[in-house]
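Here are a few friendly notes to read alongside the model.

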Amino acid sequence: MSEAKPKKPSIAVLREQLAHVQQADDPLLAALAADPRKGVASLLLQTNRRLTAQANAEAAFEQRLQLERACWAKGQSLVAGIDEVGRGPLAGPVVTCAIELPHDFHLLGVNDSKQLTAHERETLYPQILSACVGVGIGIASPKQIDHLNIYQATRVAMRDAVLALPQQPDALLIDAMQIDVPMPQQKLIKGDARSVSIGAASIVAKVYRDHLMSMYDRVYPGYNFAQNDGYGTAAHLAALDQLGVTPIHRRSFSPVTKRLQQD
């Protein structure tokens with residue numbers, strides 16, 4: 001009698017095995033290439049797409065680390081990325097973040113916070129805080145914004161974030177600004193998409209401010225601050241007309257100024 005051919009692994013078993021494949025040259029992929037089953041071909045296609053996406057994410061992440069690596073190569077071991085959120089809203093503070101990352105930082109999803117969903121930001125937020133070397137937060141209140149103007153208030157808040165770091169950095173990477181601190185600094189246009197450190201700072205600042213605005217939504221109900229984050233949406237403007245100006249509104253911003261003048 002001829003020996004029975006060994007039974008091929010089921011599609012379910014192969015799906016589980018392929019889920020653990022991390023390299024395009026994994027021997028399992030080559031072994032399964034000759035399997036005639038359509039289900040196997042589908043699994044291989046899915047796996048190759050996943051590996052390609054992963055390789056692209058790795059390459060993009062590495063590109064966003066080039067500015068940090070250049071600083072590290074010059075002996076600037078501790079680099080802080082700095083970003084802000086909340087310059088445009090009619091209500092609430094500007095929040096800035098300065099963050100220092102370790103040289104082995106490896107959270108591929110860290111990017112410009114505006115390119116991420118709220119769920120992605122909330123997921124990354126604790127991971128960034130757990131992995132970072134140091135983090136500092138700076139806040140410019142609505143009163144400061146009205147007194148200084150939005151640009152200068154943001155610069156002050158960025159300086160405060162740097163000074164709040166537990167270890168003062170050797171260099172700063174800043175999104176679109178320069179600040180008054182005696183440290184080497186690079187002003188970068190769209191820096192939150194070009195630097196992992198600035199991207200991490202943008203995520204932390206965004207989530208921090210979102211949580212603040214959710215708290216203000218409970219303190220000042222009716223303005224929907226938890227959803228509009230203080231921006232001048234139609235519903236927010238209607239609430240201003242109906243309910244008036246709150247202590248967290250920026251009186252120097254024209255829609256608020258206009259409504260104050262009508263009272």
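1. Cys132 has its closest cysteine sulfur in Cys97, 7.9 Å away, which is too far for a bond; a disulfide here means a pair of cysteine sulfur atoms within 2.5 Å. Cys132 is also buried, at 15% relative accessible area (buried is under 20%, exposed over 50%, partly exposed in between, with a 1.4 Å probe and protein chains only).

2. A word on the basis: this is a predicted model, where local features need pLDDT of at least 70, side-chain atom pairs count only at pLDDT 80 or more, and totals for chains, interfaces and linings use all residues. Residues are numbered from 1 along each chain as its sequence is written, and side-chain values use heavy atoms, leaving out hydrogens and water.

3. Cys71 is buried too, at 2% relative accessibility. Its sulfur lies 17 Å from the closest cysteine sulfur, again in Cys97, too far for a bond. Across the whole structure, zero disulfides turn up.

4. Strand 4 (residues 171-175) has five of its five residues buried; strands are DSSP runs of E, at least two residues, and helices runs of H or I, at least four, numbered from the N terminus. Ala171, Leu173 and Asp175 point one way, Leu172 and Ile174 the other.

5. Strand 4 pairs in the parallel sense with strand 1 (residues 79-85) over four bridges, pairing requiring at least two DSSP bridges. Gly81 is opposite Leu173 there. Strand 5 (residues 185-188) also pairs with strand 4 in the parallel sense, over four bridges, with Gln185 as partner of Leu172.

6. Finally, Arg259 sits in helix 11 (residues 254-262) and is buried at 13%.
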